[in-house]
Amino acid sequence: MPHEIGLLGATGIAERAIVRPSAGRPGVRVRAVAASTADRAETFRAAHGIPVAHRNYRALLADPGIDTVYVSLHNSAHAQWAAEAARAGKHVIVEKPLCLGRHELHTLRTAAVVGGVHVIEAVMTAHHPWQAVIRALIASRELGELTGIRSRIAFDVPAGSSYRFVPELGGGAFLDTASYWLQAVQATVGLAEAIAGGHSGFSGPGGVDLDFTATLTWPSGLRATLDAALAEQHCAKHEFIFTGGRVRLNNFLRPAAGPFPVNLVIAPQDGRPRVESFAPSVYYDDQLSRILRTLDQPGAVGCSDAAAERIAVMEDVYLDALSGRPGR
C-alpha cells in the first residue's frame, strides 16, 4: 500500500528516521513538512527535496494527499498534535515517548478510534534479535534464575541546546530515555505487577532532571534499574544478572544513522564467556519497515497495548520521583 508522509517538525530525527529510510523505498514518499515557522519548513523542504512546505501544522493536517503523519516535536507537544492528526484521519508515527501520561494516552487512543487510524510510538531499538536471546536464556535457566537488570543510558547533549533542558516541554533525562529502557524490560521479562519508583535531584535548569534513577521491583524479588543522564559521554548498556552468570550488552544504541553490530557477552560463573553477535542493523530502516507493516494490516487500528503499558509505567516512575523532589 502506498504511503504519503507528512512531517510535523523540521528536525534532525525526522531526517534520520523518515526522510533517509524512505528514499528509494517503493510506495513511500515524504510529501510535505511543517515546522515552527514557514521559513524553517521551506529550508528543510529545499534541503531534502520534499515537494511541499506547509505554512503551519494544521495546514499540513488538512492536506488530502497525506495519509501518515510523523510527529517529532518536543515531548509535551506529542499528544496534542498526534491526536489532531488522528482525528483528521491520518495514521500517526510519534517519536518516543508517545505521550507523557495516562490522561494524554486516553486522548490519543480515543482519537485513533475516532479517526480509524494507527497511532504508533517510534522506539527504534524495539524487536532487535538480542531480546529474543535473553528471553530464551531466561526460559532455559541456562544461567540460573534472573535476579536483576541494570541499565544505563546517557545522551551527550550540549547544555541548554534543546527542549531537553526545559521541564515544561517534557525535557529531562528520564523522559528522553525511558522508552528504550521500558521496551527492553517489557520485551524480556514483561512489566506486569512491577512496582515503580524513581529518584532525581531535579538539579538542572528550571528544575529539569539531568540525572535520574528509575526502579522496577516485582513480587518475585526481581529488580530492574535505570541510571539515566544528560551527560558529557554517550552510554547505552544493559546487564542481566542471573544466579549463575551475567549477560552484558554494550552500545545497544548509538548516535548514528548507519549500520552497526550488537554483541551480547554471555558469562557463566562456571565457564568461559561467549559472544553472541548479530548482523549490523540499521535501526531506522528496520523501524520504518515494522511501522509500514503495521499500517498495512487490515482491520485493527488504534494504539498498541504494549505502548500504553510503557506510558503508564513511565508516568508512575516519574510521579514517584516528583513526590520526593527537594522542597516538596
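Some ground rules come first. The model is predicted, so local features need pLDDT of at least 70 and side-chain atom pairs count only at pLDDT 80 or more, while totals for chains, interfaces and linings use all residues. Residues are numbered from 1 along each chain as its sequence is written, and side-chain values use heavy atoms, with hydrogens and water left out.

Taken as a whole, the protein has nine helices and 15 strands. Here helices (H or I, at least four residues) and strands (E, at least two) are DSSP runs, numbered from the N terminus. The radius of gyration is 20 Å, close to the 20 Å that the globule rule gives for 328 residues, so the protein is as compact as a globular protein of that length. That radius is taken over C-alpha atoms, and the globule rule is 2.2 Å times the number of residues to the power 0.38. Along the principal axes, the C-alpha trace spans about 60 × 50 × 35 Å.

Now for the sheets. Two strands are said to pair if DSSP finds at least two bridges between them. Gly 6, for instance, has Ala 32 of strand 2 as its bridge partner.

The other open sheet has eight strands, ordered 8-9-10-7-11-12-13-14, and here the pairing is mixed. Its edges are strand 8 (195-199) and strand 14 (274-281), each with a single partner strand, so one side of each is left without a neighbour in the sheet. From one strand to the next, the twist averages 10°. Strand 7 (residues 146-156) shows both senses of pairing: it meets strand 11 (residues 235-242) in the antiparallel sense over eight bridges, and strand 10 (residues 223-231) in the parallel sense over nine bridges. Arg 152 is bridged to Lys 237 in strand 11, and Ala 154 stands opposite Ala 229 in strand 10. Further along, strand 8 pairs with strand 9 (residues 211-217) in the antiparallel sense over five bridges, with Leu 216 of strand 9 as the bridge partner of Ala 196.

A helix also covers part of this sheet. Helix 7 (residues 173-188) lies across strand 7, strand 9, strand 10 and strand 11, and runs at about 150° to strand 10. Contact means heavy atoms within 4.5 Å. Axes are lines fitted to C-alpha atoms, for helices over the stretch in contact, and angles run from 0 to 180 degrees between N-to-C directions.

Next come the helix pairs. Angles under 35 degrees count as roughly parallel, over 145 as roughly antiparallel, 65 to 115 as roughly perpendicular and the rest as oblique. Helix 4 (residues 78-87) packs on helix 5 (residues 102-115) at about 15°, with the axes 7 Å apart, and the two are therefore roughly parallel. The contact brings together Ala 79, Ala 82, Ala 83, Ala 86 and Arg 87 of helix 4 with Glu 104, Thr 107, Leu 108, Ala 111, Ala 112 and Gly 115 of helix 5. By class, these are seven nonpolar, two polar and two charged residues. (Ala, Val, Leu, Ile, Met, Phe, Trp, Tyr, Cys and Pro count as nonpolar, Asp, Glu, Lys and Arg as charged, and the others, Gly among them, as polar.)

Helix 5 also packs with helix 9 (residues 305-323), at an angle of about 160° and with axes 9 Å apart, which makes the pair roughly antiparallel. Arg 102, Leu 105 and Arg 109 of helix 5 meet residues of helix 9 including Asp 305, Glu 315 and Asp 316.

Lys 96 and Pro 97 are joined by a cis peptide bond, with omega about -10°, and Pro 97 lies in the loop between strand 5 (91-95) and helix 5. His 127, in the loop between strand 6 (118-122) and helix 6 (129-140), has a positive phi near 70° in a residue other than glycine.
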